[in-house]
Amino acid sequence: MDLFSNLQMGFSIALSPEILMYCFIGVTLGTVVGILPGIGALAAIAMLLPMTYFLSPAAAIIMLAGLYYGANYGSSTSAILLNIPGAPSSAITCLDGYPMARQGRAGVALIMTTLASFAGSSMSILLVMAFAPPLAQFAINFGSPEYFSVMLLGLLASSSLSQGSFFKGMVMVFAGLLLGMVGLDVNSGVARYTYGSLNLQAGISIVAIAMGIFGLAEVLANIGMRGGNRISMKDLGWRTYIPTRKDLKQSFFPIMRGTAVGAWFGLLPGTGSAIASFISYAVEKRVSKTPERFGKGAIEGITAPEAANNSASQAAFIPTLTLGIPGDVVMALMLGALMIHGISVGPRTIIEHADLFWALVASFWIGNFMLLVLNAPLIFIWVRLIAIPYQVLYPIILALVCVGVYSVNFNTFDIYVVIVAGIIGYVLRVLGFPAAPMLLGFILGPMVEENFRRSLMLSRGSFDIFVTRPVSASLLAAGLLFIIIVAWAAMRERQKLQDKKPD
Amino acid sequence: MTTTRAILSAGIAALFVTAVGYPASAQDSFPSQPITMIVPFAPGADTDNSARLIARGMEERLGQPVVVINRTGAGGQIGFAEGAAADPDGYTITVATPSIVTGPYLSSAVRVRVLEDFEPVALPAGTPLAVITRADRPWSTAQEFLDYAAENPGEILYGNPGEGSFSHLLPLAIESATGVEFTHIAYQGGGPALVAALGGEVDAAAVGIGGAVEHIREGTLQVLAFATRNRYPAFPDTPTLHEMGHDVETLTWWGYLVPKGTPQDRVEMLADAIRHAAGKPEFLETAERRTWLTDYYGPSEFAEFLVSEDARYGGLIERMIERGSLVRAN
């Protein structure tokens with residue numbers, strides 16, 4: 001088999017001591033920056049980039065890639081333990097991860113997310129190995145109308161992200177849509193809601209919004225609390241780390257679905273792991289027989305999104321390596337690192353630089369295995385974070401959030417955004433408005449609008465373009481079906497209430 | 001003793017002067033501290049890669065570290081503004097692209113004027129824009145492409161990396177010079193515009209030659225003409241729009257600037273260090289692989305070039321805004 005001989009060649013490179021060391025450095029650093037709120041793979045890779053000039057191309061890309069997918073393992077840790085996401089892609093993990101920690105199940109939550117991350121990554125690596133070129137072709141043919149339809153479907157699904165009042169959830173989705181409009185409009189070059197500010201022209205940073213509304217708001221909400229409802233280390237015996245058979249059973253299909261959702265969004269350049277994790281959470285809540293458990297520590301609510309964001313970050317290598325088209329800024333950095341070595345990535349990279357490609361794929365396996373081994377014992381240490389008194393912990397978190405957000409663009413304006421978003425997030429929390437739908441609206445809104453308008457420009461104003469293309473048409477049909485199911489369920493609910501009334 | 005006191009006070013004064021950033025002996029000691037190089041674009045792209053190579057070469061010549069920082073946002077304008085506001089002491093260099101020229105014409109929020117706020121140091125390299133289209137369309141030369149566009153106004157879908165981005169000016173300049181009409185389709189950056197061309201959503205893409213070169217080799221895309229004055233060394237058989245009689249030149253150059261008022265001798269020293277860096281084999285090798293142009297302009301040539309660029313793009317953008325093809329953001 002070609003695949004096996006290729007993979008064998010890849011492992012022979014990736015297992016050499018030097019490469020193994022850089023892979024280890026990459027995944028370890030990735031875990032660390034993942035855990036630290038705000039500081040993401042982007043900042044870390046940008047810092048390591050100059051160092052890669054002195055490495056071999058294989059060592060350089062394997063280290064940077066390790067950092068990239070490793071960050072996804074760490075980012076759920078702070079979400080679960082502190083209710084503060086390590087990265088926007090783990091913001092959704094707060095919803096059920098933190099309640100689990102409060103119930104004394106932090107150890108289980110961390111072990112399950114690590115397992116889910118590993119499972120999501122592994123299945124996505126299989127895709128990269130076996131189907132990279134055809135999947136890249138699929139990604140290329142995914143045009144503006146298809147992007148519009150899939151994003152619209154995502155937006156519809158976001159309605160189920162809200163806990164409690166449906167109305168409040170929708171208000172937050174729309175608030176997110178409006179915030180997403182700030183900045184220069186791609187299609188017309190018009191500045192919207194910028195008030196003559198250059199900083200606003202660039203748009204509001206997603207990291208700043210996520211860190212403010214989840215991270216800072218959490219800190220603000222805890223000011224003045226004496227930690228009365230905190231868990232003590234005494235409640236965290238070794239038994240609390242072992243997932244029950246029920247945990248595993250409840251997580252199996254969600255991990256599978258999360259992986260599929262993640263791989264899908266990872267493939268599409270410009271989408272990525274944050275959308276993947278949000279959508280997979282929405283999917284789980286929708287298919288669950290017991291949606292009321294979500295938000296109160298449902299294990300599916302953490303395993304599915306974590307499988308999804310890891311799967312997305314592995315699948316994102318497909319368009320990057322087969323087309324030379326980076327799915328996000330971090331991928332662009334990695335391509336930059338290869339360019340410095342004179343490797344210009346394109347459709348023939350897999351053939352012309354077969355050794356590099358297969359060494360990288362082999363390193364995915366090695367790296368993910370390292371992450372599993374690295375993360376599992378560390379969980380016992382991380383859990384102790386909960387025992388740190390608030391007055392010590394929160395100033396550190398505040399500093400980390402500010403440094404992290406600053407490290408994305410080196411722009412102090414983003415720190416002000418965190419402060420404003422944090423205060424707004426706190427007020428919303430007090431009033432019972434959920435933050436997650438807003439974040440999803442913020443991410444998806446601009447993409448829906450941009451692709452909708454672009455499609456109409458391509459079709460010269462005809463709406464047919466959305467229904468004459470099969471993929472777009474089926475996605476829209478799925479959206480319609482979704483609306484019908486929700487409406488039907490709501491009507492049945494009302495019917496039940498009315499039936500009860502006469503008694 | 002008065003002499004001791006005089007020496008002491010002179011020393012203290014010197015310390016103070018040094019501390020606020022005016023070294024006591026200006027000529028010999030520059031640079032006496034690390035130099036900051038602001039790159040207003042994301043790390044990893046060509047602009048950043050070339051800047052980092054130049055920075056490394058400059059370090060050798062100047063004997064001081066040259067620290068590259070990426071200050072991104074608003075199409076480079078945030079980094080330009082920060083570079084313009086730095087002390088004019090030669091310790092802060094700003095890497096500019098033509099966006100520093102076009103910015104003020106495209107948005108009234110942009111306050112930086114390159115001719116007034118900066119002192120040009122050197123322009124060591126750049127990468128040209130070219131007419132890149134799908135290979136499976138009913139044209140195979142630049143003339144056929146322009147003829148087709150003339151006969152079918154608005155039918156050719158021309159993708160660009162954002163309305164008002166520098167690359168978008170190429171199809172606009174072609175329209176302005178030849179009278180043809182394209183339908184402009186904007187994308188969120190060069191990558192998505194390239195994907196759109198590869199997937200056949202658009203017929204042509206206004207993207208840098210660097211990202212497209214692999215797909216041209218593969219035969220999916222073709223390069224019809226370059227928007228440079230002279231033929232492009234990496235593609236000697238491809239004509240230029242200029243030799244076809246159209247006044248279209250759009251070169252993404254990478255220029256090095258210091259704030260206005262920087263002492264001339266320091267400008268010269270920095271220019272010399274950049275010339276040294278741009279002549280090093282490692283820079284030239286990367287330039288060849290990435291198909292960069294490497295004509296070195298010193299301070300005075302760069303200054304003249306900036307004036308002509310300002311006139312070129314200022315005129316083009318004003319015409320396009322009048323015609324309704326571009327919007328001036330506020």
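1. Domain bounds here come from an automatic or database domain assignment. For chain B that assignment gives domain 1 (30–127 + 252–319) and domain 2 (130–249). Taken over C-alpha atoms, the centres of domain 1 and domain 2 of chain B are 27 Å apart.

2. A friendly word on conventions. This is a predicted model, where local features need pLDDT of at least 70 and side-chain atom pairs count only at pLDDT 80 or more, while totals for chains, interfaces and linings use all residues. Residues are numbered from 1 along each chain as its sequence is written, chains are lettered from A in the order in which they are written, and side-chain values use heavy atoms, with hydrogens and water left out.

3. Now the interface. With contact meaning heavy atoms within 4.5 Å, 15 residues of domain 1 of chain B touch 15 residues of domain 2 of chain B. The two domains of chain B bury about 1200 Å² between them, 62% of it on carbon and sulfur atoms; buried area is the accessible area (1.4 Å probe) that two parts lose on being put together, summed over both. On the domain 1 side, Thr291(B), Arg312(B) and Leu316(B) lose the most area to domain 2 of chain B, together 41% of what that side buries.

4. Arg312(B) also deserves a look for its charge pairing. Its side chain forms a salt bridge with that of Glu249(B) (3.7 Å, N to O), the term meaning a side-chain nitrogen of Lys or Arg within 4 Å of a carboxyl oxygen of Asp or Glu. Between domain 1 and domain 2 of chain B the count is two salt bridges.
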